[in-house]
Amino acid sequence: MLLIGMFDSPFVRRVAISMKLLGLSFEHANWSVGKDFDRIRQYNPLGRVPTLVLDDDEALLESSAILDYIDSLVDPHRALLPATGKPRREALRIMALATGAAEKGVSQVYEGAFRQAEKRHQPWVDRCARQVQGAFTELERECKHHCKGNWLLGDRITQADITLACVTTFLTDAAGMNSMPYPAVQELVARCEALPEFQSTRMAFYTPGQS
C-alpha cells in the first residue's frame, strides 16, 4: 500500500500512525498538495491527501474512509474505532470535534499564507478562532471526564486518542495553539506523542507556498 501526503497534515498523520499501530506495512509518498499537486491527481482527481493506494491500484480518497478500511484488515478486537454502541458514538463525537477544529485551523493558516494582511477578512478569521476554541473547550471536558486511566475510551488507545493528538500537535505547530490552556488535552497528547508510532511520524509544519 502507498500512503500519499506529508505528515504535517493531521489527516495524513492519523492514518500513518493507525497503520503502524495495527502492524500494517506501507510505503510513504511524502508529497505536498502544493508542489506535487499534479502527481497526487494521478491517484486522486481532487489532488487531496491523504490518499491510500491499495496493492490492486484502487485509491481510497479520504482519511475516515481509509481508517474504516484499515480497521477491516485486522481482527475486530484490534480495530481502533469501537464497532458499535455508546463507545463508538463517543469516539466519533470526539473525532468530529477534533477534525472540525483542524479544518478551521487549516483555514486560518491558508488565510495567513496566501492573503496580505490588509486583504484578510478579519471577522471570518476571528470566527474560525472561536470555533477552534469552542471545540477544544469541549474536548478538554471530554478528556477530564473520560481519561481516568491512560486513554479516552478505556484501557487501550483508540482512534479518538490518535485523532485528538494529531490535531492538537498540528494546531500547536501551525496555528500557535500552545498558548491555549487545555491541560487535560495536553496531558493526553504528551502520552500519545511519546509512543514510537507518533515519534516516527513527527514532522515540522510545512508552510504553504514555501519551497
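In the lining of the largest cavity, helix α6 provides the largest share, 4 residues. The model discussed here is a predicted one. The cavity itself holds about 80 Å³ of space, and the count of cavities of 30 Å³ or more comes to 1. The lining residues are Phe7, Asp8, Ser9, Pro10, Arg13, Cys166, Thr169, Phe170, Asp173, Arg202, Met203 and Phe205. By class, they divide into 6 nonpolar, 2 polar and 4 charged residues.

**Strand pairing**

The order of the strands in the open sheet is β2-β1-β3-β4, a set of 4 strands with mixed pairing. Strands β2 (27-29) and β4 (59-60) are at the edges, each pairing on one side only. Between β1 (residues 2-4) and β2 the pairing is parallel and runs over 3 bridges. Within that pairing, Leu2 has Glu27 of β2 as its bridge partner.

**Helix α7**

Which residues of helix α7 are buried? In this helix, spanning residues 183-193, they are Ala184, Val185, Leu188, Val189, Cys192 and Glu193. Viewed down the axis of α7, these buried residues fall within an arc of 165°, and therefore they line one face of the helix. Pro183 and Glu187, on the other side of α7, are exposed.

| Residue | Relative accessible area |
|---|---|
| Glu142 | 12% |
| Thr201 | 0% |
| Val74 | 11% |

Glu142 belongs to helix α5 (residues 122-146). Because buried means under 20% relative accessible area, Glu142 counts as buried at 12%. Leaving out residues up to four places away in sequence, Glu142 touches Arg93, Ile94, Cys147 and Leu152.

Thr201 is situated in the segment after α8 (196-199). With a relative accessible area of 0%, Thr201 is buried. Which residues does Thr201 touch, not counting residues up to four places away in sequence? They are Phe7, Arg13, Ala16, Ile17 and Lys20. Among the residues that line the largest cavity are Phe7 and Arg13.

Val74 sits in the loop between α3 and α4, and Val74 too is buried, at 11% relative accessible area. Aside from neighbours within four places in sequence, the contacts of Val74 are Leu22 and Ala79. Leu24 is 50 residues from Val74 in sequence, while the two lie 9.1 Å apart in space, C-alpha to C-alpha.

How values were computed:
Residues numbered from 1 in each chain as written. Predicted model: local features only at pLDDT ≥ 70, side-chain atom pairs only at ≥ 80, totals over all residues. Heavy atoms only, no water. Buried < 20%, exposed > 50% of the residue type's maximum accessible area, 1.4 Å probe, protein only. Helix = DSSP H or I, 4+ residues; strand = E, 2+ residues; numbered from the N terminus. Arc of directions from axis to C-beta. 1 Å grid on protein atoms, 1.4 Å probe; cavity = no way out; pocket = protein on both sides within 12 Å on 5 of 7 lines; lining within 4 Å. Points joined across faces, edges and corners; volume = space filled by probe spheres on them. Nonpolar A, V, L, I, M, F, W, Y, C, P; charged D, E, K, R; others polar. Contact = heavy atoms within 4.5 Å. Pairing = 2+ DSSP bridges.
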